[in-house]
Amino acid sequence: MHIADPRQVPTGLFLYTLRPARLAMLTGGPTPDEQAIAARHWIYSQELLAAGTLVFAGRTLQRDPTTFAFAVIRASSLDGARAVAEGDPAVAGGVFAAEVF
């Protein structure tokens, strides 16, 4: 097992979270517009993965206000990481809210 050394801050790696703008999308089902935007989100994620920008991603299984998805990405700066998150069609389309770390 490897434990990161907190004295060595990694560079070029960022995490962003995605939270649904409308929780009912998960509990009651997505609208047709949300489904279409989610499909574009999936394609965007696959493009990031193929480009080597996306390291890994996933989501929680909760269907309550604590739910979120996350993505670990490579970017040259915090602004670059924000641009990747904001370029997600689901963020741009208002289906998810992103927070970059």
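Select Gly-58 and Phe-70. Gly-58 stands opposite Phe-70, which belongs to strand 3. Strands here are DSSP runs of type E with at least two residues, helices are runs of type H or I with at least four, and both are numbered from the N terminus. The model is predicted, so keep the cut-offs in mind: local features need pLDDT of at least 70, side-chain atom pairs count only at pLDDT 80 or more, and totals for chains, interfaces and linings use all residues. Residues are numbered from 1 along each chain as its sequence is written, and side-chain values use heavy atoms, with hydrogens and water left out.

**The sheet, pair by pair**

Now show strand 2 and strand 3 whole. They pair in the antiparallel sense, over five bridges. Two strands count as paired if DSSP finds at least two bridges between them. Strands of a sheet pair through backbone hydrogen bonds, either parallel or antiparallel.

Move on to strand 1, residues 13-20. Six bridges join strand 1 to strand 3 (residues 69-74), and the two run antiparallel. Pick out two facing pairs here. Leu-13 stands opposite Arg-74 in strand 3. Phe-14 faces Ile-73 in strand 3. In a regular strand the side chains alternate between the two faces of the sheet.

Strand 1 and strand 4 are joined by five bridges and run antiparallel. Select Thr-17 to find Glu-99 of strand 4 opposite.

Which order do the four strands take? Show them together: the open sheet reads 2-3-1-4, with antiparallel pairing. Strand 2 (54-59) and strand 4 (96-100) stand at the edges with a single partner strand each, so one side of each has no neighbour in the sheet. Turn the view to look along the strands. Neighbouring strands are turned by 20 degrees against each other on average, direction ignored.

**Helices on the sheet**

Select helix 2, residues 32-51. Helix 2 lies across strand 1, strand 2 and strand 4, and runs at about 145 degrees to strand 2. Such angles run from 0 to 180 degrees between N-to-C directions; the axes are lines fitted to C-alpha atoms, for helices over the stretch in contact.

Then select helix 3, residues 78-87. Helix 3 packs on the sheet and touches strand 1, strand 3 and strand 4. Its direction makes about 165 degrees with that of strand 4.

Start with Asp-33, in helix 2. Is Asp-33 buried or exposed? At 57% relative accessibility, Asp-33 counts as exposed. The scale, with a 1.4 Å probe and protein chains only, calls a residue buried under 20% relative accessible area, exposed over 50%, and partly exposed in between. Draw a distance from Asp-33 to Val-95: the C-alpha atoms are 9.2 Å apart, across 62 residues of sequence.

Step to Glu-34, also placed in helix 2. Glu-34 counts as buried, at 10% relative accessibility. What is Glu-34 in contact with, leaving aside its neighbours within four places in sequence? Select Arg-22, Met-25, Gly-29 and Val-95. Contact means heavy atoms within 4.5 Å.

Go on to Arg-40, found in helix 2. Arg-40 is partly exposed, with a relative accessible area of 45%. Arg-40 and Pro-20 are 20 residues apart in sequence and 15 Å apart C-alpha to C-alpha.

End at Leu-49, in helix 2. With a relative accessible area of 43%, Leu-49 is partly exposed. A line from Leu-49 to Gly-93 spans 21 Å between C-alpha atoms, and 44 residues in sequence.

**The whole chain**

Zoom out. The protein chain holds four helices and four strands. From the N terminus on, the elements run β-α-α-β-β-α-α-β. The C-alpha atoms fill a box of roughly 45 × 25 × 20 Å, taken along the principal axes.

Colour by burial next. Buried residues make up 32% of the 101 residues. Among contacts with a separation of 6 or more, 66% join residues 24 or more positions apart.

Finally, show the surface. Its accessible area comes to about 6600 Å², with 61% belonging to carbon and sulfur atoms. That area comes from the Shrake-Rupley method with a 1.4 Å probe.
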